[in-house]
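Hi,

Here is the structure I promised to pass on.

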Amino acid sequence: MKKYLAFLCLIVVVFMGITVSAYAIDDELVGSARALDELGLFSGIGTAENGYPIYALDRGPTRQEAIAMLVRLMGKENEAMNKEWSMPFTDVDKWAKPYVGYAYANGLTSGTSETTFSGNDTVTASEYLTLILRFLGYSDKNGDFSWDQSWVLSDKIGLTDGRYNANTKKFTRGDAALISFHAIGMYRKGNGASEIIVQSTPKGRVYSRFPKILSFDNVTDFAPFEHSFDIEDTVYYYYSANTLPFAEQFAKDYAYWLKSKGYSLIREEDDPMVNQYKGSDIVYELINPSNEYKITIHTAIDGGSSGDGYNNNFTYDISVEISPTKSQKVPQDVLGKIRTHLVYAGKSDQQGIVYCMSTLTANSAYYGAYYAGMGQNCFVDAAKEYQIIANLCEGYPELDEFRAYILTLYAIDLASGEAVTLTAYNYLDYAVIVCEGSTNMADLYEKAFEELNRIMGD
């Protein structure tokens, strides 16, 4: 019995470690997949009961899926779907034939033999990077890179960050989504800093070349951001749009592009204009340890008037202010909310442990199972509180260490809550595991509270 319990404890500990360490990486992959899906460039393999797409980001992409992604990135999906393609391969799935046919006809891919494509084989990181580098205008045939070491060039041009190499054993659909999302923000080879990748997708045009941070060169296909002026250490840029919908979409796209590059979105206000003569419509604020961005839309009068004497011509200036990130002093109201949620979480955890202790001393199986279930509900409630706290911490580097404690507590409560299905056969073992881990949980909670008190200056 003791060995069995020890084994279960080990599983809980391992689960905690995976959850915490993978938190940021998983968020990055999911975010890339969702962004591409919104553009019509990435598809799930089905739909879950809650209506959300199933992206299957943890499984390897097939050769067919990789080619489909490439064709969509090129903005050639409609062309591929509306033409009959001749190819020698006899093993391509029906849905993939337009994509593979287009890619083969345009020299983007070849088969594994004269008559086979092996479409359901998975691709490696190097193979997928090769496809994307070709999309960006680089050629392995002309010596720009070696297809079996394509990560060397992709790291050099900033497409990837060194995570793929000869030792990469697992390459997933999530990795493919991440690389593809980065690719639509890259320059093509050979045309300097002025070329933008502009393409049509099933959901509209994509201005794929957003400006590099602090450069703002050629954001759209017809005008760059203009450098306006500097005040002390703050730099101001602006871009004028003719219509409000375009300005709104542009500001949002740019803000979320910054977010995809590691900035934390700490403010987002997007309300319809009540009076277009006044004020701002959208405000986004983003920070990283070095810079703070503030993106705002202002209504501007552009001359001309109607017959009634009122000026009806407007432009919409998208202004961007960039300043060094100052010491991110956490507002007291935010700290107050964090403390309140932390108290609630602690009480829920404490009550959950008490219920599990009652399980071990219950005089019947009925009450033992009942107490275990009540304890589990408490841990579910605590996990929700910790998740709220983690979200409140985003954008404040001063809270990073505190947030690490919170994410660990969150992982523990997930492992004790939603991750467990209680039955008449395991409720007692569950209670034992919770009670044995309660000391560790209490220590983490105490450290979190001490860190919060230090920040608050108590």
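**Notes on the model**

Thr-109 is found in the loop between α4 (97-105) and α5 (125-135); helices here are DSSP runs of H or I with at least four residues, strands are runs of E with at least two, and both are numbered from the N terminus. Before going further, please note that this is a predicted model, in which local features need pLDDT of at least 70, side-chain atom pairs count only at pLDDT 80 or more, and totals for chains, interfaces and linings use all residues. Residues are numbered from 1 along each chain as its sequence is written, and side-chain values use heavy atoms, with hydrogens and water left out.

Thr-109 counts as buried because its relative accessibility is 14% (buried is under 20% relative accessible area, exposed over 50%, partly exposed in between, with a 1.4 Å probe and protein chains only). Leaving aside residues up to four places away in sequence, Thr-109 touches Arg-63, Ile-67, Val-100, Ala-103, Tyr-104, Phe-117 and Arg-134; a contact means heavy atoms within 4.5 Å.

Helix α4 has Pro-98, Tyr-99, Val-100, Gly-101, Tyr-102 and Ala-103 as its buried residues. They pack against α2 (63-73) and α3 (77-81). After α4 comes Gly-107, which has a positive phi near 70°.

**The chain overall**

The chain has 12 helices and 10 strands, and 45% of its 458 residues are buried. Of the contacts between residues at least 6 apart in sequence, 63% join residues at least 24 apart. Its accessible surface comes to about 23800 Å², with 51% belonging to carbon and sulfur atoms; areas come from the Shrake-Rupley method with a 1.4 Å probe, and for residues only the protein chains shown count as cover.

**Salt bridges**

There are 8 salt bridges in the structure, each a side-chain nitrogen of Lys or Arg within 4 Å of a carboxyl oxygen of Asp or Glu. Asp-140 pairs with Arg-134, with the closest N and O atoms 3.0 Å apart. Arg-134, also among the residues that Thr-109 touches, is partly exposed at 27% relative accessible area. Salt bridges with shared partners join Arg-59, Glu-65 and Arg-173 into one network. Within it, the side chains of Arg-59 and Glu-65 meet at 2.7 Å, N to O. Arg-59 is partly exposed, with a relative accessible area of 29%, whereas Glu-65 is buried at 17%. Glu-79 and Lys-76 form a salt bridge as well, at 3.9 Å, N to O.

**Surface patch and cavity**

Tyr-366, Tyr-367 and Tyr-370 form a nonpolar surface patch with about 380 Å² of accessible area together. Patches are made of residues with over 30% relative accessible area and no salt bridge, joining like charges within 9 Å and nonpolar side chains (Val, Leu, Ile, Met, Phe, Trp, Tyr) within 5 Å. Tyr-367 sits in helix α10 (residues 365-393) and is partly exposed because its relative accessibility is 41%.

The structure holds 1 cavity of 30 Å³ or more: on a 1 Å grid over the protein atoms alone, a cavity is a set of points where a 1.4 Å probe fits but cannot get out, and lining residues have an atom within 4 Å of a point. Grid points are joined across faces, edges and corners, and a volume is the space filled by probe spheres set on the points. The largest cavity has about 40 Å³ of space, and its lining is Leu-159, Thr-160, Asp-161, Arg-163, Tyr-164, Leu-178, Ile-179 and His-182.

Best wishes

Technical notes: 1 Å grid on protein atoms, 1.4 Å probe; cavity = no way out; pocket = protein on both sides within 12 Å on 5 of 7 lines; lining within 4 Å.
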